Amino acid sequence: MKIIQGIFAVSGFMLLVSARADIELVKGGKPAADIVVATNAVQGVNLAAKDLQEHLEKMSGARLEIVGAPSDTFKNHVYIGENEFTGKLGFKPGDFKNSGFRILAKNNYVILAGVDIHRKPAEYSSRGEGLKKWHEFCGEKFGFGRGGEGKGDYNSPLKIFTNDDPGTWYAVAELLEQLGVRFYAPYADGTVIPEKKTIAVSEQDTKKEAAFARREFCYYGTMRDDGDGIAWFKRLKMGNNDIIVFNHTTDDIFGSKEQKQLHPEYLACDASGKPIGGYPDGHG
């Protein structure tokens, strides 16, 4: 098992639930619904749909098909994210101050949707052509930093930034927890998945909103290539609704050798006038 080291905040939520009837997703080990996702959905919504599909299959052996529109094959449908079909049902996720999601299950459908925030790669970077553009923009040899805008690293396997805030994925994780799945630790050996040949969702209208807009984690090492690890954080509803650069910012901007040579007056000096090493040593 890999080990993730870091510190992360636990978010609080408000909850409204009313359970009355059941909408079957799987019956007797066979699919009883399809999963509907817009063809132009953002990446977090696609990941949410795939996560639901894979966990339901592990629970029951039934693989629900992901489709672009509800089919006539099934009476029941699971809608992931907002789309034209949820619009026809009159669905709105609700007003949230920051991160939030809604689960609506009634009649013959389940809707899982939330505030989905996904950032695009920056024009600037800490190296290469991106750094050159940054210097041209600033008019100084400033460094760009460890992520630049606070959105975290770009995770190649998932194709999202580590601090993206995929509310729809949070809704899927919430539903899976209702069905008995437990995400105790990252990777397969940290997840508990019950076996059920019939899976049904209780009729409900569940809304949750994060107590903190920024639920960021420090996970040094393989944030760029560990898709399973970052997926675990998203199932725990970790992400930043808005972003702020707060970590090592001064060193990021003034720490380059070029900048220190151009402006030695920016550095603290000892009594003899020699620049102080700083922390980490040599960074000024």
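F137 is exposed, with a relative accessible area of 57% (exposed means over 50%, buried under 20% and partly exposed in between, with a 1.4 Å probe and protein chains only). The model is predicted, so local features need pLDDT of at least 70 and side-chain atom pairs count only at pLDDT 80 or more, while totals for chains, interfaces and linings use all residues. Residues are numbered from 1 along each chain as its sequence is written, and side-chain values use heavy atoms, with hydrogens and water left out.

**Aromatic pairs**

- The structure holds seven aromatic pairs; rings of Phe, Tyr and Trp (its six-membered ring) pair if their centres lie within 6.5 Å, and planes under 30 degrees apart count as stacked, over 60 as edge-to-face and the rest as tilted.
- One of them joins Y124 and F137, a tilted pair at 5.5 Å centre to centre with 35° between the planes.
- Y124 lies in the loop between β8 (116–117) and α3 (128–138) and F137 lies in helix α3, so the pair ties together parts that are 13 residues apart in sequence. Helices (H or I, at least four residues) and strands (E, at least two) are DSSP runs, numbered from the N terminus.
- Y124 is partly exposed, with a relative accessible area of 21%.
- Y124, W134 and F137 form one aromatic cluster.
- W232 and F233 also form a tilted pair, at 5.4 Å centre to centre and 55° between the planes. Both W232 and F233 are buried.

**The sheet**

- Six strands form an open sheet with mixed pairing, in the order β4-β3-β5-β7-β6-β15; two strands pair if DSSP finds at least two bridges between them.
- The edge strands, β4 (66–67) and β15 (204–209), each pair on one side only.
- Strand β3 (residues 33–36) pairs with β4 in the parallel sense over two bridges, and I35 has I66 in β4 as its bridge partner.
- Helix α1 (residues 43–60) packs on the sheet and touches β3, β4, β5 (76–80) and β7 (109–114); contact means heavy atoms within 4.5 Å. The direction of α1 makes about 140° with that of β5.
- Helix α4 (residues 167–178) packs on the sheet too, touching β5, β6 (100–106), β7 and β15, and its direction makes about 50° with that of β6.

**Strand β7**

- β7 is mostly covered, with six of its six residues buried.
- Y109, I111 and A113 on one side and V110, L112 and G114 on the other are all buried, which leaves both faces of β7 covered.
- β5 and β7 run parallel and are joined by four bridges; H77 stands opposite Y109 in β7.
- β6 and β7 pair in the antiparallel sense over six bridges, with L104 opposite I111 in β7.
- The hairpin of β6 and β7 has two residues between the strands, and N107 takes a positive phi near 50° there.

**Helices α4 and α5**

- α4 and α5 pack at an angle of about 80°, with their axes 8 Å apart. Axes are lines fitted to C-alpha atoms, for helices over the stretch in contact, and angles run from 0 to 180 degrees between N-to-C directions.
- α4 and α5 are therefore roughly perpendicular to each other (65 to 115 degrees; under 35 counts as roughly parallel, over 145 as roughly antiparallel and the rest as oblique).
- W169, Y170 and A173 in α4 meet A231, K234 and R235 in α5.
- By class, this contact of α4 with α5 has four nonpolar, no polar and two charged residues. Ala, Val, Leu, Ile, Met, Phe, Trp, Tyr, Cys and Pro count as nonpolar, Asp, Glu, Lys and Arg as charged, and the others, Gly among them, as polar.

**Residue K237**

- K237 is found in the loop between α5 (227–235) and β17 (239–240) and counts as buried at 6% relative accessibility.
- K237 and W169 are 68 residues apart in sequence and 8.1 Å apart in space, C-alpha to C-alpha.
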